[in-house]
Amino acid sequence: MRDHGGDIDKAASRFGRADWIDLSTGINRRPWPAGPLSPHALTALPTRADAARLCAAAAARFGCPQDQVLPLAGASAAIQLLPQVLAGRRAAVLSPTYNEHAASLRAAGWEVAEPTDPAALEGADLAVIVNPNNPDGREFPPAQIAAIAATVGHLVVDESFADPRPDLSAAATRADNVTVLRSFGKFWGLAGLRLGFAIAAPDLLARLAERTGPWSVSGPALEIGAQALADAAWIDDTVVWLSEAALHLDQIVTPHWPLVGGTHLFRLYDTPDAQAAHERLARAGIWSRIFPWHPRWIRLGIPGNRAEFDRVAGAFTAPG
């Protein structure tokens with residue numbers, strides 16, 4: 001089932017009100033402060049120089065060569081395209097995790113196993129690991145990623161939530177049979193730009209680029225992405241903020257629901273009844289994420305300011 005967070009229209013149609021706090025997606029609610037765009041970004045087709053500036057900023061941030069970075073219209077574009085350009089029949093997605101990986105593989109005709117043990121990935125033509133994992137925050141250090149890569153045909157490592165944790169990234173040390181995916185919208189909080197990256201061998205990136213066609217990333221995304229990726233001061237300050245804010249959210253929630261795990265951008269809690277918890281928060285105008293395959297888990301993104309934290313706290317004291 002390809003269920004997702006977001007969809008505030010659905011929340012509003014069911015529960016009313018307009019002042020929703022969307023904590024269902026894990027997108028940073030304190031986004032990078034994008035300034036005015038240049039006329040070029042808005043009125044001209046993107047140029048190779050525009051893409052090169054973004055690739056240079058991304059390579060510097062991720063610690064990999066510039067020719068191994070391909071900008072895409074979100075990490076989701078790579079998730080959909082990689083099953084079409086990689087060879088093989090048997091795939092294994094370390095689970096439970098983000099459901100688009102298995103769904104995209106099946107849509108492309110792959111046989112997909114969903115093991116919970118990394119050792120069970122061995123022998124797959126294509127294996128997928130989300131690191132840190134969504135939704136439970138499970139982590140895999142680069143040495144473990146390298147060991148797994150040696151046992152499979154190709155390994156895709158989805159690092160969409162890894163920006164605050166560069167120590168986990170395989171981007172700088174990946175083997176030729178490893179593709180790393182990075183999201184821009186989540187940590188930088190600008191999901192509407194639809195920007196992400198594939199980090200891989202140049203020949204694989206060329207096959208992906210052939211599928212996406214020209215101008216697959218918009219001029220505004222290229223310009224804002226290059227500026228934001230180079231803003232080291234904002235990045236450092238935001239990692240500190242998210243670290244402290246995630247702990248503060250735990251202080252509010254864990255007296256009621258135990259912590260299962262999480263990342264800088266979301267937390268996962270164990271409730272007596274996830275559907276009831278979801279509806280309780282919704283009545284307070286807080287949209288959360290629950291999972292059809294687990295009746296107790298609820299995931300919350302990190303509130304963006306004191307007022308949002310106060311509303312979350314108030315949801316636990318309100319009647320009903």
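In which loop does Arg194 lie?

Reply: This is a predicted model, in which local features need pLDDT of at least 70 and side-chain atom pairs count only at pLDDT 80 or more, while totals for chains, interfaces and linings use all residues. Residues are numbered from 1 along each chain as its sequence is written, and side-chain values use heavy atoms, with hydrogens and water left out.

Arg194 is found in the loop between α7 (185–188) and β8 (196–199). Helices (H or I, at least four residues) and strands (E, at least two) are DSSP runs, numbered from the N terminus. Although Arg194 is not a glycine, its phi is positive, at about 55 degrees. Arg194 is partly exposed, with a relative accessible area of 43%; buried means under 20% relative accessible area, exposed over 50%, and partly exposed in between (1.4 Å probe, protein chains only).

Most residues other than glycine have a negative phi, and most peptide bonds are trans. Arg17, which is not a glycine, likewise has a positive phi, of about 60 degrees. Arg17 belongs to the loop between α1 (8–15) and β1 (21–22), and it is partly exposed at 38% relative accessible area.

As for peptide bonds, the one from Asn131 to Pro132 is cis, with omega near -5 degrees. The bond that joins Asn134 and Pro135 is also cis, with omega about 25 degrees. Pro132 sits in the loop between β5 (126–130) and α6 (142–149), and Pro135 lies in the loop between β5 and α6.
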